[in-house]
Amino acid sequence: MITLALSKGRIFDDTLPLLRAANIEVLDNPDTSRKLILDTNQPGMRVVLVRASDVPTYVENGGADLGITGKDTLIEHGGSGLYQPLDLQIAKCRISVAVRNDFDYERAVKQGSRLRVATKYVAIAREFFAAKGVHVDLIKLYGSMELAPLTGLADAIVDLVSTGNTLKANHLKEVERIMDISSRLVVNQAALKLKQAPIRALIDAFAAAVAERSTS
Ligand code: AMP
């Protein structure tokens, strides 16, 4: 049995066409079913639904053989025990610094002000501001980051941005782009040895689907 860990939402939706390219159809719809283990049309393959930030933990510890997770999550997690064979080029976005529309970020940085930065991505934010030589107090949040500058909790946030609509709707502006993000396939290293043939076949099918998409 091969177990693939996915998170609901963008990553799950963007993974379905890749699975289809490998002749795998997920038989349950996570939007209407409460099941956490989803069967596929292949008796030897199943999908487990976990929180996005738990995907690396499941795969690293053998709760799943493979998983798909964002580069943001992998960096925060560490990801050192995981084999990362493929950038799937899905769930693309960027991780950026954003502030209130009326906050003069350039000036604050130039003046060497100490910035209060709210984020779920503490490791990424710490490294980014350290490299810039900006002193920051990091405030760890688990969601609704956009609220932090509006309520006075923080001067800035570090968050994922896709269209920019969420920032705009909350009177925030993107002031720095830290890095581009996409989702990667991660593989448990022991599973790769023990179940080499089916896992290699899946990696190859995904790689072919990604290559085909980038040329079409
Ligand atoms: P947008 O309004 O399109 O810029 O999307 C921003 C919101 O969606 C923020 O709350 C982000 O945390 C979230 N978001 C954007 N892209 C992704 C992604 N690839 N994976 C997970 N969350 C995302």
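Author: A residue counts as near a molecule if one of its heavy atoms lies within 4 Å of it. This is a predicted model, in which local features need pLDDT of at least 70, side-chain atom pairs count only at pLDDT 80 or more, and totals for chains, interfaces and linings use all residues. Residues are numbered from 1 along each chain as its sequence is written, and side-chain values use heavy atoms, with hydrogens and water left out.

Reader: Which element gives the most residues to the shell around the ligand?

Author: The residues around the ligand include Asp-159, Leu-160 and Asn-165. Elements here are DSSP runs: helices (H or I, at least four residues) and strands (E, at least two), numbered from the N terminus. Both α7 (165–169) and β9 (156–161) supply at least two shell residues. The top giver, with three residues, is β9.

Reader: How far is the backbone N or O atom of Gly-164 from an oxygen atom of the ligand?

Author: A polar contact is a pair of N or O atoms within 3.5 Å. A polar side-chain atom of Arg-10 lies 3.1 Å from a ligand nitrogen. For Glu-146, a polar side-chain atom is 3.5 Å from a ligand oxygen. For the backbone atom of Gly-164, the distance to a ligand oxygen is 2.7 Å.

Reader: How much of the accessible area of the ligand does the protein cover?

Author: Accessible areas come from the Shrake-Rupley method with a 1.4 Å probe. On its own, the ligand has 490 Å² of accessible area.

Reader: Which element gives the most to the lining of the largest pocket?

Author: A pocket is an open set of points on a 1 Å grid over the protein atoms alone, where a 1.4 Å probe fits, with protein on both sides within 12 Å along at least five of seven lines; lining residues have an atom within 4 Å of a point. The ligand takes up the space of the largest pocket. That pocket holds about 1000 Å³ of space, and among the residues closest to its centre are Asp-72 and Lys-120. With four residues, the element giving the most to the lining is α3.

Terms used
A polar contact is a pair of N or O atoms within 3.5 Å; within protein, one must be able to donate a hydrogen and the other to accept it, and residues adjacent in sequence count only if both atoms are side-chain atoms. A molecule sits in a cavity or pocket if more than half of its atoms lie within 2 Å of its grid points. Grid points are joined across faces, edges and corners, and a volume is the space filled by probe spheres set on the points.
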